[in-house]
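Student: I would like to learn how to read a protein structure step by step. Could we go through one together, taking each feature with its general idea before the case itself?

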Amino acid sequence: MANFLETERLSLRPFGEADVDRLLDLDSDPEVMRFINGGRPTTREAVRTEALPRFLHRYPCIGNPALWAAEERTTKEFVGWFELRPLDENSAAVAELGYRLARAAWGRGFATEGSRALIRKGFTEFGVQRVTANTMTVNARSRRVMEKVGLTYVRTFFEEWPETIEGSGLGDVEYALTRADWELKSTG
């Protein structure tokens, strides 16, 4: 498959049917899923019928999927995925940044590297005007990535979730970055 985006160390490419096992392995690690669903593994059926169709969906406003498989450029090893998903199917004005990396990829700067590249592509090629990202308040690692790529804290909010996850009582946080602020930071 053709790469969608390359960074110094990562290649981002569209997902395909052959990625079911990679996604299953990623979502079967309790530490990877800790802040998603409390650490429960995702079933093969859920990956095949729920996750993969979402990963393959093409957004008319950008002409592409919004979620991409991430591989190390030199080894081609699957390290996880990134998203820059328009919140409106037909407008790229506001897009949500997201990432999920295998534990072996943690602490290596991949989340920051991939996120920066996607933000740049969103602002320069897709017409994105605002990037937003959410995580649990207690997810310090993810919050740090958001800050490193230029997003700033917007608010803490509380939603009803089907199941309680450790730390969920402290709510979720939203971070954001506008194109105008990104341009100022990029040239400053």
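Student: How many of the residues count as buried here?

Tutor: Buried means under 20% relative accessible area, exposed means over 50%, and partly exposed lies in between, with a 1.4 Å probe and protein chains only. Of the 188 residues of this protein, 49% count as buried. Please keep in mind that this is a predicted model, in which local features need pLDDT of at least 70 and side-chain atom pairs count only at pLDDT 80 or more, while totals for chains, interfaces and linings use all residues. Residues are numbered from 1 along each chain as its sequence is written, and side-chain values use heavy atoms, with hydrogens and water left out.

Student: Where do the nonpolar side chains go?

Tutor: In soluble globular proteins, nonpolar side chains tend to be buried together. A nonpolar core is a set of buried Ala, Val, Leu, Ile, Met, Phe, Trp, Tyr and Cys residues joined through side-chain atoms within 4.5 Å. The largest one in this model has 36 residues, and those with the most contacts inside it are L12, F82, L97, L118, I119, V131 and L151. Among the elements that give two or more residues to this core are β2 (10-14), β5 (67-72), α4 (110-125) and β8 (130-136), and α4 gives the most, with six residues. Apart from this core lies another, of 15 residues, among them V20, M33, V47 and A69.

Student: How do I tell which face of a helix is buried?

Tutor: An α-helix has 3.6 residues a turn, so residues three or four places apart point the same way. In helix α1 (residues 20-27), the buried residues are V20, L23, L24, L26 and D27. Seen down the axis of α1, these residues fall within an arc of 165° (the arc being that of the directions from the helix axis to the C-beta atoms), so they line one face of the helix. They pack against α3 (44-56), β6 (78-88) and β7 (91-101).

Student: Which residues of α5 are buried, and which are exposed on the other side?

Tutor: In α5 (140-148), the buried residues are S142, R143, V145 and M146. They cover an arc of only 155° around the axis, which puts them on the same side of α5, whereas A140 and R141 are exposed on the other side.

Student: Is D27 buried or exposed, and what is it in contact with?

Tutor: At 7% relative accessibility, D27 counts as buried. Leaving aside its neighbours within four places in sequence, D27 is in contact with M33, R40, P41, T42 and R100.

Student: How many salt bridges does a search of the whole structure find?

Tutor: A salt bridge is a side-chain nitrogen of Lys or Arg within 4 Å of a carboxyl oxygen of Asp or Glu. A search of the whole structure finds 17 of them. In one, R103 pairs with D29, the closest N and O atoms being 2.7 Å apart. This pair links distant parts of the chain, with R103 in the loop between β7 and α4 and D29 in the loop between α1 and α2 (34-37), 74 residues apart. R103 is partly exposed, with a relative accessible area of 43%, while D29, at 15%, counts as buried.

Conventions: Helix = DSSP H or I, 4+ residues; strand = E, 2+ residues; numbered from the N terminus. Contact = heavy atoms within 4.5 Å.
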